[in-house]
Amino acid sequence: MVEHSPSYCLLGIRRKEMTEQTKVPFVDLQAQYRSIASEVTDAMMRAVEHGDYILGDDVRLFEEDFAKYIGTSDAVAVGSGLDALELALRAYGVGPGHEVITAANTFIATVLAIMATGARPVLVDVDQETYNIDPAAIEAAITSKTKAIMPVHLYGQPADMQPILEIARKHELIVIEDAAQAHGAWYDGCRAGALGHAAGFSFYPAKNLGAYGDGGIVVTNNAATAEKIRRLRNYGQRVKYEHPVIGTNSRLDTIQAAILRVKLRHLDRWNSARTEHAASYKALLAGTQIVLPKTAQKCTHVYHLYVIQVDRRNEMQELLTARGIGTGIHYPIPIHLQGACASLGYRKGDFPVTENAASRILSLPMYPELTVEQCEFVAETLLQAISVSPDAQFAQKR
């Protein structure tokens, strides 16, 4: 009879309990709501009772709170993260005839914001360890039409901003950070969003700081830029019914701002929990063929997503799904291979690091309310899936 250690038996019991009782969703927004329900309800009811649903006091107060948190002088709340990037570009004069350099590995909103201004996105490949834009590729992509660089702080880790800012200064370019996934992350002592000329954040519900609907914000240390964006978001108005510029309707509503004011107070604690879960995954999956996330020097990762690389990715995802574990792929089709971006003229093979990642990356469940048992269940299930793959079976037979 084989004797098992108490720890092994405990893991066996946990595995049985997880299999029979628990599904592990990719994101659990209900769990987060339950943890702050009374605070959120009170904030929403105050906003409703005040009746100032558009650009009300909570919007102004949230802008002040968020600017202080990021470390900028100004913040302007808008309707979405895409709008934040577009309006920041427009405020700095980016438009038709210009080029904006950005990462090939990103969500399509980054590129759509550039295209919405009339400018052309110029893509460059990414670092194979961080998945962020490769600074060495940026300078080679600069032309006489280049107006700005838009680095993306992907998955919750800031891009390597020091060389990017040096390149921008050398060529007199604007730097607009896409910080949509990096709420609270740090780079060399500064918050992501406080490094370039301006930055755009998203408050999509699943973000580290998410609203209960769409929302976004632009942060900047340039007061004139902030004022331009305030006009652009509100029909181009200086005062009501006076429209000196062509604007749009992109305003974070007051109820969402009230919710975000509550949630901002919890953001650092939630980010710390994400970091702890990432450390758990790292310990549980260390020493395997799985490629784990790497944190670059000078960076603090806030793990909006926990992204690994595995062989036979699609098969692994199906096996995890069958065990009730939610996963994601961020992103399965690179920007340059999207039909919406066909006019840019890129072809398969243009960005090999991005394309290789797209075929192998898998995002594991990651949210503050994950439990130790859930992390263990995810890791054990993934390791089991790898152990029964044909490649692993062949290795065992040898």
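Before anything else, my rule for pairing: two strands pair if DSSP finds at least two bridges between them. I'm also keeping in mind that this is a predicted model.

**Entry 1: S11 and S12**

I started with strand S11 (residues 306–309) and strand S12 (residues 361–364), which are joined by four bridges and run antiparallel. Looking across the pair, I found Ile308 opposite Leu362 in S12. Then I checked how covered S11 is. Tyr306 and Ile308 are buried on one side of S11, and Val307 and Gln309 are buried on the other, so both faces are covered.

**Entry 2: the seven-stranded sheet**

Next I traced an open sheet of seven strands. I read its order as S1-S9-S8-S5-S4-S2-S3, with mixed pairing. Which strands stand at the edges? They are strand S1 (74–78) and strand S3 (120–124); each has a single partner strand, so one side of each lacks a neighbour in the sheet. I noted an average twist of 25 degrees from one strand to the next.

At the S3 end, I looked at strand S2 (residues 99–103), which runs parallel to S3 and is joined to it by five bridges. Ala103 has Val124 of S3 as its bridge partner.

I then went to strand S8 (residues 198–202) and asked how many of its residues are buried. The count is five of five. Ala198, Gly200 and Ser202 point one way, while Ala199 and Phe201 point the other way.

S8 shows both senses of pairing. With strand S5 (residues 174–178), S8 pairs in the parallel sense over three bridges, and Glu177 stands opposite Ala199. With strand S9 (residues 216–220), S8 pairs in the antiparallel sense over five bridges. There I found Phe201 opposite Ile217.

**Entry 3: the three-stranded sheet**

I also wrote down an open sheet of three strands, in the order S7-S6-S10 with antiparallel pairing. Its edge strands are S7 (190–191) and S10 (299–300), each pairing on one side only. Strand S6 (residues 186–187) is joined to S7 by two bridges, and Trp186 has Arg191 as its bridge partner in S7.

**Entry 4: cysteines**

I looked for disulfides and got zero. My cut-off for a disulfide was sulfur atoms within 2.5 Å. I checked accessibility as well: Cys299 counts as buried at 12% relative accessibility, and Cys341 is buried at 0%.

**Entry 5: the largest pocket**

Last, I looked for open space. Rolling a probe the size of a water molecule over the atoms shows where empty space is left. The largest pocket came out at a volume of about 450 Å³. I listed 25 lining residues, with Phe107, Gln181, Tyr204, Lys207 and Tyr331 lying nearest the centre. Two elements give two or more residues to this lining: helix H4 (81–91) and helix H5 (108–116). H4 gives the most, with three residues. By type, I sorted the lining into 13 nonpolar, nine polar and three charged residues.

Key:
Residues numbered from 1 in each chain as written. Predicted model: local features only at pLDDT ≥ 70, side-chain atom pairs only at ≥ 80, totals over all residues. Heavy atoms only, no water. 1 Å grid on protein atoms, 1.4 Å probe; cavity = no way out; pocket = protein on both sides within 12 Å on 5 of 7 lines; lining within 4 Å. Points joined across faces, edges and corners; volume = space filled by probe spheres on them. Nonpolar A, V, L, I, M, F, W, Y, C, P; charged D, E, K, R; others polar. Buried < 20%, exposed > 50% of the residue type's maximum accessible area, 1.4 Å probe, protein only. Axes fitted to C-alpha atoms, helices over the stretch in contact; angles between N-to-C directions.
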